[in-house]
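Trainee: I am new to this structure. Can we go through the labels and the reasons behind them?
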Amino acid sequence: PRGDRPVTHVRNLQSPFWIGTLRHAELRCLIPATAFAEWSGLEGARRQRWFSVPSLPIFAFAGIHRQGEDWPCFAMLATDPNWLVGQYQPHAMPVILHPDQHATWLSGEWRDALALAAPFPGQLMTVADTPPM
């Protein structure tokens, strides 16, 4: 919201700033993805790990969008990591929505939408050293 660094992840969903945005369904969006990367390891030996959902070749992150000064911008919601992502990134992971949750995220009452901000089941995901093809 302030400063010179763009916001790409929304984690503090109790913040009045983000609650104000989440209350407006027209500001919620889906961010399509095939995988996401997280860096892990010690400084100087960090490696990217790629996470995907094999049963969903294209899935969606929960996102919010706003009109920026020069162009529209968006950020993805983040939540606590599941057991798989947590092995490589212990702080957070993107909120991945199940396909049957898309409509609730896009147009549901804001408390119902907010309840979707939970870790995606780790047993439904895979991790690899390279992005999936």
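Mentor: Start with rings. Rings of Phe, Tyr and Trp pair if their centres lie within 6.5 Å. In this predicted model, F36, F51, F59, F61 and Y88 form one aromatic cluster.

Trainee: How many aromatic pairs does a search of the whole structure find?

Mentor: Four aromatic pairs. One of them is F36 with F51, and their centres are 5.3 Å apart.

Trainee: What makes the pair of F36 and F51 stacked?

Mentor: The angle between the planes is 25°.

Trainee: Which parts does the pair of F36 and F51 tie together?

Mentor: F36 is in strand β3 and F51 in strand β4, so the pair links parts 15 residues apart in sequence.

Trainee: Why is F36 called buried?

Mentor: Its relative accessibility is 7%. Buried means under 20%, so F36 qualifies. F51 is at 0%, so F51 is buried by the same cut-off.

Trainee: Why is the pair of F36 and F61 called edge-to-face?

Mentor: Their planes stand 70° apart. Over 60 counts as edge-to-face, so the name holds. The centres are 5.9 Å apart. F36 lies in strand β3 and F61 in strand β5, so this pair ties together parts that are 25 residues apart in sequence. Both F36 and F61 are buried.

Trainee: How do you know that β3 and β4 pair?

Mentor: Count the bridges. Pairing takes at least two, and β3 and β4 have five, so they pair. The sense is antiparallel. S40 stands opposite R47 in β4. In the hairpin of β3 and β4, six residues lie between the strands, and G41 takes a positive phi near 110°.

Trainee: Which residues make up the covered face of β3?

Mentor: F36, E38 and S40. A37 and W39 are on the uncovered face.

Trainee: What makes R28 count as sitting over the ring of W105?

Mentor: Distance is one part. The charged end of R28 is 5.7 Å from the ring centre, and the limit is within 6 Å. The direction must also be within 35 degrees of the ring normal. R28 is listed as sitting over the ring of W105.

Trainee: How confident is the predictor in the chain?

Mentor: The chain averages a pLDDT of 88, and 89% of the residues score at least 70.

Terms used: Residues are numbered from 1 along each chain as its sequence is written. This is a predicted model: local features need pLDDT of at least 70, side-chain atom pairs count only at pLDDT 80 or more; totals for chains, interfaces and linings use all residues. Side-chain values use heavy atoms; hydrogens and water are left out. pLDDT is the predictor's confidence in each residue, from 0 to 100. Buried means under 20% relative accessible area, exposed over 50%, partly exposed in between (1.4 Å probe, protein chains only). Helices (H or I, at least four residues) and strands (E, at least two) are DSSP runs, numbered from the N terminus. Rings of Phe, Tyr and Trp (its six-membered ring) pair if their centres lie within 6.5 Å; planes under 30 degrees apart count as stacked, over 60 as edge-to-face and the rest as tilted.
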